[in-house]
Structure formats: structure tokens, C-alpha cells
Protein chains: 2
Amino acid sequence: MRIGIIGSGAVGSLFAAHLAGLDDIETWIYDVSHAHVDAINANGLRLTGVGEVHSRPRATTDPGELPALDFGIVATKGMHTGSAIAATAAAFADGAVCSVQNGIGNEEVIAEHVPRVIRGTTFPAGRVLEPGVVQWDTAGKTWIGPFEPQPATMEQVEALAEALTRSGMETLALADARGAQWTKLIFNAASNALCSLTRMPHGRAARHEHVRWVMDGVIAEGKAVADALGVEMDQDPADLLEGSIEVALDHKPSMLQDVLAERPTEIDQLNGGIVRFGEDHGIDTPLNRAAWSLVKGLEASWTL
Amino acid sequence: MRIGIIGSGAVGSLFAAHLAGLDDIETWIYDVSHAHVDAINANGLRLTGVGEVHSRPRATTDPGELPALDFGIVATKGMHTGSAIAATAAAFADGAVCSVQNGIGNEEVIAEHVPRVIRGTTFPAGRVLEPGVVQWDTAGKTWIGPFEPQPATMEQVEALAEALTRSGMETLALADARGAQWTKLIFNAASNALCSLTRMPHGRAARHEHVRWVMDGVIAEGKAVADALGVEMDQDPADLLEGSIEVALDHKPSMLQDVLAERPTEIDQLNGGIVRFGEDHGIDTPLNRAAWSLVKGLEASWTL
């Protein structure tokens, strides 16, 4: 079986490094970073932190080098989904492509370019330390299921989940993966956007009476949109938030890290996604729209 | 006539320097900054910018030095209103005290300490360049009127307006000064809070499609609260905003300057004031509450 990882930042590297450890899987990486690709081809890909992994996926910056692939795993930031899948789509003419990206709306973009799509949500996280070396900060599960309007078969979903689980990335194959995705989306929309605007770490923000009021409102709106979509969530994001305060008291969510480094954020896929799906289903989401709008303004301030 | 300026940052200094130019007014300054007070007593108070003014008010850090005063003009930041008027109240036992501070709710605090209060709103602005020297950035009018629950007489309001206008600070005496105050409050709530959260200058923020959506919402909520209070505004804050974009394209509102310098802001008197008055009158103000909450979080982030 051949699997291609599209985008090998921290999350893509976690998947690639694990899969490349399996003898029966040929693992490819497509990434636009020459430094990262060259380092991987020269010295392999190394994970350190939660676990130590060292393996040898094949990496390329040239999509023409990719062979026909059975599965794709898209792990770019949301704003690069379109260009990344457009460049690599030919390799997936007979395959199925799965998003493990943050937020909502990535599968819709992928489905414009390839025939069979898998909806996915992943919990593991980390950060690139240097080309070819990734810090693995957080372990956790991945949930995947057919993307409803343009699905891969359930057999494909199960085959991918089996390979990922066997590689060390525990993955659940679900008939409906929307519940897991919306639970994480709503949690992330509350944490990332509001931590970014207040520059507070996750747990401190959730403990701050005023900021928590906004978080609670963002979550309530998100749940109303999920309800309107008929999504049954696996967990109440409000409980997820409450349970995360102590363990992530001083954790800076990825969007806050982006803001502090003045990098484009994934706000369009988080609060922006809730706003768009809300609009489509007649649900008003003023607090998500405010958070989305203010982070868009913050991004614009860097180029004034 | 004796007039005491309580708090001589930029705005207080504009009033003090002008009044001290009049022979028939004995002008006092109370301020907690020894450096500023000492410089004024040694070299006088100097304004530069829109106009050049140099005069000699009497300045003190010791409220016990203040004589009985006919009028007070409170010009501290909102978070210092209570302590400043508590310290100086004895001087106003037979006088009337006017707020020229930003936002709403300052007169209520002043009224806890002195018998007669004047509601005020001022447009002129500047910044302290060094002790005793203030940059005068913006000219404009001041509007004053009796504070309804505990008013000065209309004769007192007119006498203060006459002295200020004669000193060069054009001031209108109104039977109801709430319209002017709420117009500026709502404009400031839209500009200051959202520029602070996005770190965009005023006009750029108002021109940014997403940020403007939040500004428009903050203004609409503010107008609903003013309506519920029975306040008739002199101008639609939305028109004021539209008209300010070009002239203040790259102007950093005072709250944004505070945020960049990590100083406490006046958010409690701006969006926080709209939220409180809205609560009292059953008007929902989610976007003002979000802006208030997020700036409170931002302030909290500086002391983590």
C-alpha cells in the first residue's frame, strides 16, 4: 500500500514518521520546504518528545515524482489546502484522500480535486524543531469517516485506520466522523481565537471570568450550528474545555503562536467555518463572527 | 473664581494651561505625579502643537493645599476617578465638579463624594511630552450640562462654560449633555476597543470589511441602549465614524496606545459602560460585552 502525506509540518510529520516504520507501507511526503525535504531524504525523519521515532519516508517537493497512491493524508494549514491538493491530485486518481487538518471546510476543498474523500480529525500535535526533526508534544486519537457528499468507501476508511493504528497512531474508523470533528472544531474555536485576541494561554484564559463568557458564547453558537446540521457530537465541547484548564493552564494554542510570530492563522477554518455553516443553516453566530473578524483584522495589521 | 483641575495628563493640562491664562481665574492643578507638578511650579505649563500656550497654574500633589474651589474639572483616566475625587472632595464642598473624562459612569463616581456634579464630554486631545510640556494634537469643543441625579445649577454650568470658552476652550452649556456624551461614547467604544484588539489604526480598521462589521454592531447596540435611556444623540455615531476614516486613517486611538504600552485601559468606561447601562435597561449588548471582555483579558495577560 502506498500513502502520501501532503504537507509535513508537525502533524504531517507525526503521521509520516509512524507510517514509514511499517514494512508493508510505502510512505511518501509532499512538502514545499526544500530544507525539510532534503533533510528527510538525507537523514530520515525523527520525532522526539512523547515518543522517539526515526524512519525513512520518501520526500519530494515535486508532485510529478509521486507515484499512484492508495491514500493521501492532507496535513497543511487550512489556507494551503487548495494549492496543495491541486498540485498532487493526479496521484490520487484511484485513491482516497483524508484531511487531518484543523477546523472545518477542508474536505470540501479537497473534494474539488480528487474523487474520493475521507473526513478526519486528529488530536496529536507538535512543532518542527529543525528540518527533519519534529517535537511530538501531544499523543491522542484520530477519527476518520467517509466525507458524505463525495465519500471513500467504508472499506477504504477501515484500511487506512488499520494501517495508522498499526503504525502507532491510534485511529478510529467511523460511519459518521462529523461528531468528532465538530467537537474539536468548537473547542478550538473557543480556545484558539480568544487566546489569540487576549494573548493569554489556554487555561488562564478559560479561568478568566470575562474571557470565559466569550468562550461559553462561542461554544453555545457552535453547538447550535452543529445541531442544525444534524451532527451528533461525541462530547460536549463545554466539558472538554472545563476538563482542559488544569492540564493546559499555560499552553499557548497554535493560533496564539501564529499571532505572536505574525503568521497567517487558521481562523477561516475555525470560527470562520462556524459562521459559514451557520449562515447556510440560518443560525446567527455573532460571537464567532466577531472573533473571526477581529483575528482577520489582526492579520491585516501585520501588513499595513 | 477658583477652578481646580483634578488629574493633569494631556486633557487636564489642556484645560489648566488655558484657564491659567485668564487674570480673573485662579487655576489649581491636583496631580499625583511629583515630576509633572514640580516642573509646572518651576517653569509653568506649556502646550505645543495645535496652538502654543504657556501659563502658570498652581500645582500640588497634596490635596490639603487646595483652597475652597468654585469648580473642579476631573480629567483622570476612568480607573482613577474614585481615588482622585475622594482625595480632593473637601475643596468642593461649596463648588461643582465637572467630568471631562472618556466614556460613561464617571459622574456617578464623582457624585458619591461631592454635592454638585456637571456632566461633560470633551473632544480636544494630546499627550504629555515631558513633565510640564504637553503636545496638543486635536482641537475641538466641550459640552457640559447638569448631572441629572445630583446636578449643579444651570447658572453654574453656564459660568464654567463662559470661563472655559473665554480661555480658548470652546464650551457649550446644555440643559442635557447626555446626547453629546453618548455620541462620543459610542464612537469611542467602536474605535478604541476594536483598534486595540486588532492593533490597527482607526481609519484602517474602519475600512477593513470584517472589523467594520464588528464596529457597526457595537454602534447599533450602543444606540439601542441610548434609546432605552431616552438619550437624544446630537449625531449618529455611525456618521461620525464614516466621516473620520480619512482624517484619522493612521491615528492610533488612546486605548491602542495604552495596549501597546501595556497600561490599564478605559474599557470599563467605554464598552463596559454600554454593557452596564444596557443591563440596567434590559438591552442585550453581546458585541460590546465581547469587546469589553477581550480587552479585560488582554490587560490580564500583562501580569501573568
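**The A–B interface**

Zero salt bridges: that is what the rule finds across the interface of chain A and chain B. Keep in mind that this is a predicted model.

So what does the interface hold instead? The rule finds four residue pairs in polar contact between chain A and chain B, with both residues at pLDDT 80 or more.

Which helices of chain A each supply at least two residues to the side that touches chain B? Three to look at: helix H6 (178–198), helix H8 (209–229) and helix H12 (286–301). H12(A) gives the most, with twelve residues.

Now the make-up by class. The side of chain A that touches chain B has 15 nonpolar residues. Six are polar, and four are charged.

On to area. About 2200 Å² is buried between chain A and chain B. Carbon and sulfur atoms give 80% of that. In contacts, 25 residues of chain A meet 25 residues of chain B.

Next, symmetry. In general, a rotation about an axis and a shift along it relate two copies of a chain. Here, the rotation that superposes chain A on chain B is 180°, and the shift along its axis is 0.0 Å. The RMSD is 0.0 Å. The two copies are therefore related as by a two-fold rotation axis.

Where does chain A come nearest that axis, by C-alpha? At Leu197(A), with its C-alpha 3.1 Å from the axis.

Technical notes: Residues are numbered from 1 along each chain as its sequence is written. Chains are lettered from A and ligands numbered from 1 in the order in which they are written. This is a predicted model: local features need pLDDT of at least 70, side-chain atom pairs count only at pLDDT 80 or more; totals for chains, interfaces and linings use all residues. Side-chain values use heavy atoms; hydrogens and water are left out. Copies are superposed by least squares on the C-alpha atoms of residues with pLDDT of at least 70 in both. Contact means heavy atoms within 4.5 Å. Buried area is the accessible area (1.4 Å probe) that two parts lose on being put together, summed over both. A salt bridge is a side-chain nitrogen of Lys or Arg within 4 Å of a carboxyl oxygen of Asp or Glu. A polar contact is a pair of N or O atoms within 3.5 Å; within protein, one must be able to donate a hydrogen and the other to accept it, and residues adjacent in sequence count only if both atoms are side-chain atoms. Helices (H or I, at least four residues) and strands (E, at least two) are DSSP runs, numbered from the N terminus. Ala, Val, Leu, Ile, Met, Phe, Trp, Tyr, Cys and Pro count as nonpolar, Asp, Glu, Lys and Arg as charged, and the others, Gly among them, as polar.
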